[in-house]
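Have the viewer open as you read.

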Amino acid sequence: MKKFRKVLDGLTTSSPGGTIGSPSCGSAAGTPTAAPTPREIDVQETLTSDNFQLCKTVRHGFPYQPTALAFDPVQKILAIGSRSGGVRILGRPGVDCFCQHESGAAVLHLQFLINEGALVTACADDTLHLWNLRQRRPAVLHSLKFNRERITFCHLPFQSKWLYVGTERGNTHIVNIESFILSGYVIMWNKAIELSTKTHPGPVVHLSDSPKDEGKLLIGFEAGTIVQWDLRAKKADFRIYYDEAIHSVSWHHEGKQFMCSHSDGSLTLWNPRNTTKPFQVTFPHGKIQKDGRKESCKPILKVEYKTSRSSEPFIIFSGGLSYDKAGRRPALTIMHGKAITVLEMGYPIVEFMVLCETPYNNEVQEPYTVVVLLEKDLIVVDLTQSSFPVFENPYPMDIHESPVTCTAYFADCPPDIIPILYSIGAKHKKTGYSHKEWPVGGGTWTLGSHTYPEIIITGHADGSIKFWDASAFTLQMLYKLKTSKVFEKPKAGEGRSAEMVEEDPFAVQMVSWCPQSRIFCVVGISAHIILYRFSKYDANTQIVSLEVRLQCESEDVITPSENENYPCFSEQGSHSPQPHHQHPVSPGSRTPEGAKDRGPCLKVKERVVRVPPGYQSDLVIQLLWVDGEPPQQITSLDINSAYGLLAFGNCNGLAVVDYLQKTVILCMSTVDLYGATDPYQRLTRSPRRNRQSTSGLTELNDNQQSVDMERSKSPTSGHASRRAMLQQLHGVTMYSHDEHHTTSYCWNERESRENSFSRSRSSSVSSIDRDTKEAITTLQFGESYGRKSDVLPTPCLWVGTSLGMVLLIPLSIPTDHEERMEEAVTVGPSGAVQMLKGSILRFAFLDCMGALIQSPYEVWRDLNAPEDPDRPRRRKLVHFSPSSSQDANGDGHLAVVCSERQAKVFLMPSQACLFVHNITESSFVLRADVVSVCNSVCLACFCANGHVMTLSLPSLRPLMDVNYLPLTDMRIARTFCFTNGGQALYLSSPTEIQRITYSQEMCDNLQEMLGELFTPIETPEAQNRGFLKGFFGGNAHAFDREELFGEAAAGKASRSLAQHIPGQGGVEGMKMAAGGAVGELARARIALDERGQRLGELEERTALMMTSAESFSKHAHELMLKCKDKKWYQF
């Protein structure tokens, strides 16, 4: 505490040296202002609009709300359809493709054209689509829209070009895959059933051709009717009428029997030669009760009947469990001989498929794997081992293991960081997986030439942090960190933790990571910060805890005349929050309610704990309850390893912590930071009125006339305004002056509410809207000039607020190693005060040549490493001074400041505004970053209206403006982030990360970076069935579908039944997609192929004409010889 008072004494002896910048310091957007530009600022900007193009690159994670599954047994690629119209196609690791139907209709069925490089999808809008998979970016070749019937089932026989389509009305249509035109051959439901039947059989739920004869089609109707239709004779061979509804049918490979699954939990086995009743009925999970009746069971939704040469057949099905056991998890049952194995799943089963060695349905199937698609996971089970182990999934399907609450993206990381994180993370991996090779191994993928180390960090609702290797458009988990291990387990519904957050008290709000020093900082929802250091060794450690009282109380109306009497930094008193260590009392409390002060929301472990190698907690900072009110959540954070300082702020004020000495060096309310330079007239704040606690999103609007109405508004109303959105993004009510909202983060419930938000906003951005709360929205440490009179740069802290204000706080940090660990860091009086429109989002610094100045950092050293007498443990710092790239010292630097509405470039130390650009008037910026692109830098912005923009630096010229996401929701707003190299990412769904690029160079090289879905493979030959089998039981003669379904035999289908829609995946689509040299080469190749094709056709026609001429000559010669000796009267 003595050190802290010395700091404040030093602050009060100096007078403020800043000036208030005019909000209109620039006239036109992107143009220089009246301030003279020095010769050194004449930066040669190299970026142009030609360097930018926006496109999606790759999508990671589990497909959100999956609906369908398909597998190509020859190409060995897997397809998953989703409710939003997306299709994910997966092959070997690295082969991962996402396709999206333009309609957005749910994908109901998927069907591969086996070994043809094509996929048929059937969507909920009753449209069939044919996708071409022979290109890296699949495209739709044809579409067929059904107008009068709804599609319920699809079946495509192997090596057939005719697709069977069952409908809700019970009819079966046939589609030519090559032309995507409907055949005139239709199996009407009233022809399939007997005329005496009085009820409709229901929708078609199954279609399959008989393994014995491809000319026999088995049709299953939902109500319990099964018909085998003779396609040649156009009549039914047999009809089965069963009491229970049918869900699925599966053939024995010999075609002598088939199995059905039913709604009562039963399996029936049928012989096609005797269809009066099933010759076997089983209830796999229906036990006989004491009264002799069987337990009622849930429906068996799907069954697969697969044979094996070396063992008994496999019967695999989903569902069928008894109703009596409440809370039973969904299960997949494997019946193999007399053994019944029940595999319980963590989520409901959407679909499953058994993978077999052969694509032919009339051969012994030899199943080796079953792929189970769950609502939130993909499980692959090894059937070749009796214990049925699962395979380790090589795809990142567990991003959503706990809901993602924040993301961070780092490109061009130090090359050694990924192997180190992987080696430590590998020690904690689960065991017991199958040792066989991952069965989905299709496609080809090679490491592209334009790759560099990339890391994605995701924070989760349960307090866990995941580090992912994102290099080369892949995603692999490296290391997982659980922040909850720092705290004692909170007891549910007890104490202050119950009042603050019940659902997810450890939820991660934001992260800050320095890859060079490996310092990692986490901000949690319970107003706590954890600082981690990296070590390769385990250690026994005592977690150090700091408790900070950050609360402001403004009781009086502050006028400009009163402001003159306030020093820049007031002494410890009524307006200045105080720091506390461990278990503090509340000194300086002005009210009797000070007795209500409590400790933090979570309790840090006080005992010595054993920590494994990896990230180890070094310091925990927690905000205290004050006057019976919970602490406001933290809205901004920055850490600098070279300075050894950590700064954070919320809507009450700012705190700076020296994490080397474990002390608080500054803790002040936002109002006190200004002192005499405060530009606003603060109004009365009522201390505590109607404190509210909500479990949802508190949504307010910006209309100043309806303050009372907005407080009574429902927390779950449909659209949120900018203010509500910022509250959700920062987790705090930043602008309310008489309410303290304690938001309980139940992330699963939040997703349903985060669909959209209003883009409207009040034009009076810089007004404080009757509120005195001003949040600290961004912080940045760096070498800068705190005052205009400064000659050399010194360590500074740049502070940005929600009212558009920018403050500079100079710092005095001892340079000697021993002094740094013993002497206090002192804080100078606040320097420059500038003003922008809207909340400040980002700071960045450029030298006078336009190059980005990196923040100084400490080189990583392992504090737990064994002592080495030859190498003393001293801090090694790397500084990037603004003058390091200049010929002379003291030339200054450029400061880039971006807010919700504006971007400005200032020249330091003169603080002259050189350039200003009004980014948006109708919306507001959600995320802004200064990033490196094409060996230069630019300002990248993402707006609430979905626009992605880039501006040149330092001139702020618009380079790109793309309306990318017209329907931006809260999830995207919370997780969108830019990084170097022209890349960005966001959470496109609760389970998926979408990566995009805004670099033209990366767009041009995208094709070579993506994997190939299709690889030329010879189709396996059918087994020789032998003479006797072929003579007595096999296909007696070949079945020609073209002869039956072609236009010549079946005629044309009614035009009103279905409409053919040409796709964009043909030559025209390829021409539009091709660009640059690669496109020119592709076009030349296409033209050459077309020319060669025409030449080939010409050659064939010439040969045909020559043959015809020779034939004519021969006939003429024979006729001449015949008539040679005849007389005239013999003709």
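How many of the 7 residues of strand β62 (residues 983-989) are buried? Keep that in mind for the points below, and remember that this is a predicted model.

1. To settle the question: 7 of the 7 residues of β62 are buried, so the strand is largely enclosed by the rest of the structure. Buried here means under 20% relative accessible area.

2. Now look at what sits beside β62. On one hand there's strand β61 (residues 977-979), which runs antiparallel to β62 and is joined to it by 3 bridges. If you want a pair to click on, Cys-977 has Leu-985 of β62 as its bridge partner.

3. The turn here deserves a glance too. β61 and β62 make a hairpin with 3 residues between the strands, and Gly-981 in that hairpin takes a positive phi near 80 degrees.

4. β62 also pairs with strand β63 (residues 992-999), again antiparallel, through 6 bridges.

5. Elsewhere, go to the surface and pick out Asp-816, Glu-819, Glu-822 and Glu-823, which gather in a patch of negative charge. Glu-823 lies in the loop that links α10 (817-822) and β49 (826-827).

Note on methods
Residues are numbered from 1 along each chain as its sequence is written. This is a predicted model: local features need pLDDT of at least 70, side-chain atom pairs count only at pLDDT 80 or more; totals for chains, interfaces and linings use all residues. Side-chain values use heavy atoms; hydrogens and water are left out. Patches are made of residues with over 30% relative accessible area and no salt bridge: like charges are joined within 9 Å, nonpolar side chains (Val, Leu, Ile, Met, Phe, Trp, Tyr) within 5 Å. Accessible areas come from the Shrake-Rupley method with a 1.4 Å probe; for residues, only the protein chains shown count as cover. A salt bridge is a side-chain nitrogen of Lys or Arg within 4 Å of a carboxyl oxygen of Asp or Glu. Lys and Arg count as positive and Asp and Glu as negative; His and the chain ends are not counted. The place of a charge is taken as NZ of Lys, CZ of Arg, CG of Asp or CD of Glu. Helices (H or I, at least four residues) and strands (E, at least two) are DSSP runs, numbered from the N terminus. Buried means under 20% relative accessible area, exposed over 50%, partly exposed in between (1.4 Å probe, protein chains only). Two strands pair if DSSP finds at least two bridges between them.
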